[in-house]
Amino acid sequence: MAEKTEQRQNFLKGIVKDNPVFVMLLGMCPTLGVTSSAFNGLGMGVATLFVLLMSNIVVSLVKSQIPDKVRIPAFIIIIASFVTIVEMVLEAFIPFLYEQLGIFIPLIVVNCLILGRAEAFASKNNLWSSILDALGMGAGFILALTALGAVREVLGSGSLFGWSFVSEDANTFILFILPPGAFIALAYLSLVFNRLTVKTS
Amino acid sequence: MGKKESTLTSMVLSLLVITLASGLTLGYVNDWTLEPKAQAKLDRKINAIKLVLPAFDSNPLEDVIVVKPAQHQDSIEIYPAFKDEKFIGAAVIGYSDRGYSGLVKLMVGFNDDGTIENIAVLEQKETPGLGTKMKNESFISQFRGKHPSSYNLRVTKDGGDVDAMTGATISTRAFGESVQMAFEEFRNYAEANYLLNQ
């Protein structure tokens with residue numbers, strides 16, 4: 001029973017208690033950079049979830065074979081390989097999303113969320129816990145990026161997931177699709193998120 | 001569970017194995033995605049050409065002509081289109097480096113008499129919500145059916161005929177310059193090959 005609650009905790013902590021974006025403030029570069037629309041946020045979130053899941057699996061499997069002194073370079077090679085795979089597959093099969101995310105795909109390599117989970121969790125825990133941890137953290141990241149993208153798209157472009165509800169020439173809050181708007185929207189979302197979770201826990 | 005000790009051999013060996021495995025995997029994935037990647041690029045081009053030209057039955061990508069515009073750095077492509085072996089127009093790339101944030105690149109479709117059929121924006125980095133409105137129907141529609149020899153592609157502020165986008169005169173100028181470049185290259189090409197329908 002204790003085992004089961006612990007596993008559930010491994011999964012759930014990434015979504016609420018240790019949400020990578022709103023609570024731990026990890027991976028800020030893609031968070032602020034690509035969330036000018038809800039779809040971009042979702043796409044980036046899914047790409048990151050995939051890399052996170054695969055790197056956690058591999059790191060957890062090979063952890064006992066890697067000498068301590070070279071563990072960081074070893075993790076980076078593993079992560080970079082999966083990022084490159086994601087980049088090639090996106091370019092081949094979802095060119096639209098590939099163009100939208102642009103430079104931020106290769107930059108998933110330096111997303112501290114992924115290296116952070118490899119170092120802090122997957123290298124110390126077994127395979128199943130690491131998978132749950134990656135899924136939880138990834139889901140938390142997707143939720144946060146999609147929410148941020150949705151807020152910025154609604155305010156900045158007057159649309160949601162590309163579905164526009166104002167006329168083509170309407171004046172929207174352009175600020176929110178520009179970089180400063182990302183900081184403002186993120187700050188308010190974190191505020192609301194932390195307020196709500198503190199109350200419930 | 002004992003960690004491996006960090007001796008020189010174990011460090012070299014473990015890194016070697018990891019890099020080898022990653023290299024092999026990447027090589028395999030690269031091989032596998034090579035064709036779809038090239039296909040996706042072609043599809044994007046042919047879709048843009050289809051968007052800016054009336055129906056054609058030739059393959060403009062095969063008939064492409066590359067020219068270097070005078071006083072410009074990069075060469076551009078002209079995609080002539082034919083229907084029943086008859087020239088119906090061409091899609092021409094035009095660009096300007098003088099957008100608000102640099103490069104603006106368009107594909108302009110001309111009919112066989114030189115009037116503009118349609119315009120597609122290929123690349124731009126203009127300000128979201130201001131300069132990006134160049135992709136909007138309401139902006140592009142003012143160019144359709146116009147002949148650049150009688151329709152001045154400058155902004156009204158500069159004595160031309162183009163209504164600037166609100167708050168984005170510089171982007172509009174770059175757009176006009178790109179269309180102008182495409183038109184000049186189209187005219188040179190069509191006149192040299194006696195294709196222009198006067």
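Figure 1. Strand 3 of chain B (residues 86–99) is mostly covered, since 10 of its 14 residues are buried; a residue counts as buried if 20 or more other C-beta atoms, placed from the backbone, lie within 10 Å of its own, as exposed if 12 or fewer do, and as partly exposed in between. Strands (E, at least two residues) and helices (H or I, at least four residues) are DSSP runs numbered from the N terminus, and two strands pair if DSSP finds at least two bridges between them. This is a predicted model, in which local features need pLDDT of at least 70 and side-chain atom pairs count only at pLDDT 80 or more, while totals for chains, interfaces and linings use all residues. Residues are numbered from 1 along each chain as its sequence is written, and chains are lettered from A and ligands numbered from 1 in the order in which they are written.

**Figure 2. The two hairpins of chain B that share strand 3.** Strand 2 of chain B (residues 76–83) pairs with strand 3 of chain B in the antiparallel sense over 6 bridges, and B:Phe82 has B:Phe87 in strand 3 as its bridge partner. These two strands form a hairpin with 2 residues between them, and in the turn B:Asp84 has a positive phi of about 50°. Strand 3 of chain B also pairs with strand 4 of chain B (residues 102–111), in the antiparallel sense and over 9 bridges; here the bridge partner of B:Gly89 is B:Asn111 in strand 4. Strands 3 and 4 of chain B likewise form a hairpin, with 2 residues between them.

**Figure 3. The contact between chain B and chain A.** The contact takes 27 residues from chain B and 28 residues from chain A, where two residues are in contact if their C-beta atoms, placed from the backbone, lie within 7 Å. On the side of chain B that touches chain A, helix 1 of chain B gives the most, with 16 residues. By class, this side of chain B has 10 nonpolar, 11 polar and 6 charged residues; Ala, Val, Leu, Ile, Met, Phe, Trp, Tyr, Cys and Pro count as nonpolar, Asp, Glu, Lys and Arg as charged, and the others, Gly among them, as polar.

**Figure 4. The largest nonpolar core, with A:Ile79 among its members.** A nonpolar core is a set of buried Ala, Val, Leu, Ile, Met, Phe, Trp, Tyr and Cys residues joined through C-beta atoms within 7 Å. Of the 47 residues in the largest one, A:Val51, A:Ile78, A:Ile79, A:Val86 and A:Ala144 touch the most other members, and the largest share of this core, 11 residues, comes from helix 4 of chain A. Leaving aside neighbours within four places in sequence, A:Ile79 is in contact with A:Val51, A:Ser55, A:Val109, A:Ile114, A:Leu115 and A:Ala118.

**Figure 5. Helix 7 of chain A and the glycine that follows.** The expected span of a helix is 1.5 Å times one less than its number of residues, so the 31 residues of helix 7 of chain A (residues 127–157) should span 45 Å, and this agrees with its end C-alpha atoms, which are 43 Å apart. Helix 7 of chain A is mostly covered, with 22 of its 31 residues buried, and just after this helix A:Gly158 takes a positive phi of about 65°.
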